[in-house]
Amino acid sequence: MDPPALHIHHVTVRFGETDILQDVTFDLERGQFLAVVGPNGAGKSTLFKVALGLIRPREGHAAVGGKAPLSAAPGVGYVPQLKTFDRTFPATALELVVTGLRRAWPARVTRAEREQAAATLQRVGAGHLLHRSLAGLSSGELQRVFLARSLIRQPAIVLLDEPATGVDFLAESDLYDLLERYQTETGATIAMITHDLAAARYHASQVIVLNRRVHGYGLPEEVLCDECLRGAYGHVGHAHTLLSA
């Protein structure tokens with residue numbers, strides 16, 4: 001039997017005296033689409049950084065495709081939160097996408113790299129952005145470039161940290177269509193952090209409700225319920241109630 005795409009085993013992460021994650025355990029099987037939901041400060045981004053090998057847990061361990069996180073890195077695509085990116089950095093979409101191959105900014109892009117980057121941008125509907133400056137891109141355009149960067153190696157696992165933040169409704173719909181098409185074509189596993197509970201319900205095959213610890217993990221219709229959401233958020237507001245309408 002193949003190992004799970006993501007194996008998180010009793011992971012605890014502590015910064016100073018504060019537990020950011022507390023005894024988090026779950027297995028995500030290959031080919032699933034996972035949505036990670038929870039309030040701000042719930043440890044969602046920290047969980048992804050553990051899976052990427054960027055943070056070492058105080059307790060427990062993580063495995064990606066049966067490998068230690070850093071060993072699995074070449075087979076993992078990652079789309080970070082865009083708000084952490086300096087939009088004035090002097091670079092083109094081509095150069096950013098090629099960093100997905102090199103893991104570093106290229107001093108010179110080869111012909112083969114340019115062709116691969118162009119094909120990947122075309123795949124996400126952004127072929128026309130190849131030579132555009134990053135500073136001149138809209139949030140939706142920049143998101144497509146980051147997505148191309150994450151997919152250029154055709155990874156078996158794709159992690160996206162709030163990919164719809166800052167994009168309009170049509171761009172968000174296109175994003176989910178692109179992800180689902182990539183998953184259908186490749187059989188990839190996708191894990192996405194989102195604050196949009198409706199997106200989690202309608203696009204994910206599995207949902208984890210997280211606030212430092214796991215308050216629910218399973219099918220969307222099972223864990224996007226009042227009990228799990230109240231445990232994580234401390235209340236059930238209008239947006240949550242609509243999920244059961």
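Biologist: What makes threonine 88 exposed rather than buried?

Modeller: Its relative accessible area is 62%. Exposed means over 50%, buried under 20% and partly exposed in between, with a 1.4 Å probe and protein chains only; threonine 88 is therefore exposed. This is a predicted model, in which local features need pLDDT of at least 70, side-chain atom pairs count only at pLDDT 80 or more, and totals for chains, interfaces and linings use all residues. Residues are numbered from 1 along each chain as its sequence is written, and side-chain values use heavy atoms, with hydrogens and water left out.

Biologist: Where is threonine 88 found?

Modeller: Threonine 88 is in the loop between strand E5 and helix H3 (93–102). Such labels are DSSP runs numbered from the N terminus: helices (H or I) have at least four residues and strands (E) at least two. The C-alpha atom of threonine 88 is separated by 9.2 Å from that of serine 133, 45 residues apart along the chain.

Biologist: Why are phenylalanine 26 and tyrosine 217 called an aromatic pair, and what makes the pair tilted?

Modeller: A search of the whole structure finds one aromatic pair. For phenylalanine 26 and tyrosine 217 the distance is 5.3 Å centre to centre, with 50 degrees between the planes. Rings of Phe, Tyr and Trp (its six-membered ring) pair if their centres lie within 6.5 Å; planes under 30 degrees apart count as stacked, over 60 as edge-to-face and the rest as tilted. The two rings therefore form a pair, and a tilted one.

Biologist: Which parts does the pair tie together?

Modeller: Phenylalanine 26 lies in strand E2 (residues 18–28) and tyrosine 217 in strand E9, so the pair ties together parts 191 residues apart in sequence. Phenylalanine 26 is buried because its relative accessible area is 5%, whereas tyrosine 217, at 29%, is partly exposed.

Biologist: How do you know that strand E8 pairs with E3 and with E9?

Modeller: Two strands pair if DSSP finds at least two bridges between them. Strand E3 (residues 33–37) and E8 have four bridges, in the parallel sense, and five bridges join E8 to E9 (residues 213–218), which run antiparallel. Both therefore meet the criterion. Valine 36 stands opposite isoleucine 208 in E8, and the bridge partner of valine 207 is glycine 218 in E9. Strand E8 (residues 206–211) is mostly covered, with five of its six residues buried.

Biologist: What makes E5 and E9 the edge strands of the sheet?

Modeller: The open sheet has six strands in the order E5-E6-E7-E3-E8-E9, with mixed pairing. E5 (76–79) and E9 each pair on one side only.

Biologist: Why is the link between serine 45 and aspartate 161 called a polar contact?

Modeller: Their side chains are joined at 2.7 Å. A polar contact is a pair of N or O atoms within 3.5 Å; within protein, one must be able to donate a hydrogen and the other to accept it, and residues adjacent in sequence count only if both atoms are side-chain atoms. The link is therefore a polar contact. Serine 45 itself lies in helix H1.
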